[in-house]
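Here is a short report for a reader who is new to this structure.

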Amino acid sequence: MQSLAIALLKALKAHGAREIFGIPGDFVLPFYKAIEDSRILPHFELSHEPAVGFAADAAARYHGGLGVAVVTYGAGAFNVVNPVAGAYAERSPVVVIAGAPGAAERASGFLLHHQARSIGTQLAVFREITCDQAVLDDPAAAPGEIARVLQSARERSLPVYIEFPRDMVSVPAASVPVLGRRPTDAEALAECAGEILSRLAAAKSPVIIVDVEIRRYQSEKRVAALARKLGIPVVTTFMGRGLLADAPDVVAGTYLGAAGDAHINRLVESADALLLLGVIISDTNFALSQRRLDPRRTMLAIDRQVRVGHHLYSDMPLDDLVDALIARARKTKARKSVRRPRIVYPRGLKADDKPIRPSDIAGAINDLFDRHGVMPMTADVGDCLFTAMEIENSALAAPGYYAGMGFGVPAGIGVAAATRRRPLILVGDGAFQMTGWEIGNCRRYGLDPIVVLFNNASWEMLRVFQPESKFNNLDDWHYAAIAPSLGGHGERVSTRAELVAALERAVKRRGMFSLVEVMLPRGQTSDTLARFVSGFKAAREKAARMKAGA
Ligand code: S1T
Ligand code: MG
């Protein structure tokens with residue numbers, strides 16, 4: 001009979017895991033040995049557990065399966081808390097498998113190394129940032145526990161936690177069943193779809209807004225088909241940027257409220273019916289709206305619930321809902337009143353000796369993609385994420401809602417390892433100082449991402465909100481000069497001509513990572529971030545005036 005470790009690995013694969021990211025430790029060494037010896041899933045070790053979490057998260061976002069992070073007890077597991085919290089916030093199904101002490105150690109009477117307050121503290125912490133948990137301390141129950149937890153990860157598209165005591169790894173275990181999808185109530189589904197369609201049919205200028213869940217439930221193509229059939233334009237949220245990249249005919253752009261394109265703003269805020277599919281109602285998505293979301297004109301499907309006006313339908317999977325809408329929708333010509341605006345992205349960057357502005361980077365990348373094809377992208381928090389809004393709508397993984405720094409480079413490694421495609425990574429110098437060094441792991445896995453590092457020697461996003469603070473001044477670490485010792489190629493650029501040439505050389509250079517370090521002046525931001533900041537400041541002043549006038 002197989003060991004519990006093998007049963008778990010086979011179950012991960014059967015539920016959609018394609019690879020494992022991890023860092024072993026003594027409490028997880030026996031399981032890690034099974035990972036390496038069994039070769040059931042490819043595995044990639046990184047240098048610090050935050051990167052393990054970010055890589056697993058990004059892999060899941062790109063391949064649509066489960067991300068897997070394997071860490072040791074305590075010191076390793078607590079290191080992965082922040083990326084898992086971000087995965088929870090942004091609905092990415094990461095399976096955390098953490099080693100733990102065995103039964104005999106727990107009964108030893110010792111305080112165990114890596115233990116925090118108590119041996120159970122680790123489970124208590126992960127209960128807060130995962131939707132389901134299992135402790136594999138009973139060989140008979142373990143297969144059923146694993147099946148339940150992995151189904152939760154798939155159904156909810158949220159992280160889950162599996163604690164694997166090291167004395168259980170080799171115990172004989174039955175296979176883990178794959179629990180079938182729970183059926184959706186057909187009558188409720190029909191009623192819900194019918195109500196949504198009648199509201200859309202009665203509207204003069206409806207709009208569909210999409211966000212991350214349409215990717216998490218592999219529904220992008222179906223949403224595009226629905227939009228075409230209904231003749232309704234689609235916009236993405238800030239967080240949903242990059243969705244429907246293969247359906248440019250239906251996507252009008254990204255809704256950024258006051259910070260975004262005026263056409264898109266008008267399209268959304270003048271709409272008399274909004275269908276929000278998989279949309280996280282967060283401040284980063286809607287704080288700059290100039291017209292609050294009105295429940296009477298809004299229909300929201302997220303986290304297996306659908307709210308239509310004041311009606312609530314529960315246990316309604318997004319993919320089933322979209323299928324039901326497509327099946328019942330009557331083909332409708334695009335409503336004349338909704339002119340689908342086209343956003344003009346910066347292109348044709350002049351390769352001259354002018355200094356580089358952040359928005360020039362977007363123009364250079366749009367030109368690069370036009371010449372050599374679009375690359376999957378990851379972005380970190382900082383102005384690089386706002387600059388990404390100026391790059392043609394292409395696949396992007398970025399912490400647009402949770403906004404935790406450090407995501408960009410490890411996520412790019414995760415995407416490269418998971419998809420064997422070559423990602424373009426956008427990262428600021430502050431974020432690179434956190435996890436950018438993981439780029440040194442590319443050589444051993446034969447990965448060759450392109451990294452565009454926005455070096456303004458500054459925490460510029462903080463400076464725009466608090467310009468008087470000196471602590472935003474970072475030192476210049478000369479990142480390009482370090483690249484060769486990490487196994488890659490680095491090039492520092494200061495003019496637009498140098499930027500264009502360096503990107504061209506990078507795209508032609510294969511077999512090692514290419515780091516293009518773009519020197520930017522402090523105090524300068526992308527056009528999009530500048531609009532975001534003025535939008536936030538105006539909203540804050542308006543709130544202060546209302547409070548004063550109250
Ligand atoms: N720590 C972590 C893990 N995530 C964060 N988001 C922050 C701190 C706060 C924070 C920002 S933006 C920012 C910090 C420190 C500076 C980013 O600097 P850099 O990467 O160089 O990018 P840029 O210079 O383009 O701003 C957000 C507001 O919370
Ligand atoms: Mg910076």
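## The metal site

Donors are N, O and S atoms within 2.8 Å of the metal (3.2 Å for Na, K and Ca); water is not among the atoms, so sites may look incomplete. The magnesium ion (ligand 2) has three protein donor residues to look for: Asp-429 (OD), Asn-456 (OD1) and Ser-458 (O), lying 2.1 Å from it. Their spacing in sequence reads D-x26-N-x1-S. Asp-429 lies in helix H18, while Ser-458 lies in the loop between strand S17 (450-455) and H20, so the pair ties together parts that are 29 residues apart in sequence. Helices (H or I, at least four residues) and strands (E, at least two) are DSSP runs, numbered from the N terminus.

Are Asp-429 and Ser-458 buried or exposed? Asp-429 is buried, and Ser-458 is too. Buried means under 20% relative accessible area, exposed over 50%, and partly exposed in between (1.4 Å probe, protein chains only).

## How to read the model

This is a predicted model: local features need pLDDT of at least 70, side-chain atom pairs count only at pLDDT 80 or more, and totals for chains, interfaces and linings use all residues. Residues are numbered from 1 along each chain as its sequence is written, chains are lettered from A and ligands numbered from 1 in the order in which they are written, and side-chain values use heavy atoms, with hydrogens and water left out.

## Around ligand 1

The shell around ligand 1 has 17 residues, and Asp-383, Ala-403, Asp-429, Gly-430 and Met-461 come nearest. A residue is near if one of its heavy atoms lies within 4 Å of the molecule or strand. The shell divides into eight nonpolar, six polar and three charged residues. Here Ala, Val, Leu, Ile, Met, Phe, Trp, Tyr, Cys and Pro count as nonpolar, Asp, Glu, Lys and Arg as charged, and the others, Gly among them, as polar. Helix H18 (429-435) and helix H20 (460-465) each supply at least two shell residues. H18 gives the largest share, four residues.

Backbone atoms reach the ligand as well. A backbone N or O atom of Ala-403 lies 2.8 Å from a nitrogen atom of ligand 1. For Ser-458, a backbone N or O atom lies 2.9 Å from an oxygen atom of ligand 1. Met-461 has a backbone N or O atom 2.8 Å from an oxygen atom of ligand 1.

## Aromatic pairs

Rings of Phe, Tyr and Trp (its six-membered ring) pair if their centres lie within 6.5 Å; planes under 30 degrees apart count as stacked, over 60 as edge-to-face and the rest as tilted. By this rule there are 17 aromatic pairs. Phe-54 and Phe-407 form an edge-to-face pair, 5.7 Å centre to centre with 75° between the planes. Phe-54 lies in helix H3 (residues 49-63) and Phe-407 in the loop between strand S15 (396-397) and helix H17 (408-419), so the pair ties together parts that are 353 residues apart in sequence. Phe-54 counts as buried at 5% relative accessibility. Phe-407 is buried at 1%.

Trp-437 and Trp-477 are stacked, 6.1 Å centre to centre with 25° between the planes. Trp-437 is partly exposed at 28% relative accessibility, and Trp-477 is partly exposed at 37%. Ring pairs also link Phe-238, Phe-386, Phe-465, Phe-532 and Phe-536 into a cluster.

## Positive phi

Most residues other than glycine have a negative phi. Arg-91 is not a glycine, yet its phi is positive, about 60°. Arg-91 sits in the loop between helix H5 (81-89) and strand S4 (94-100).

Technical notes. Polar contact = N/O pair within 3.5 Å; in protein donor to acceptor, adjacent residues only side chain to side chain.
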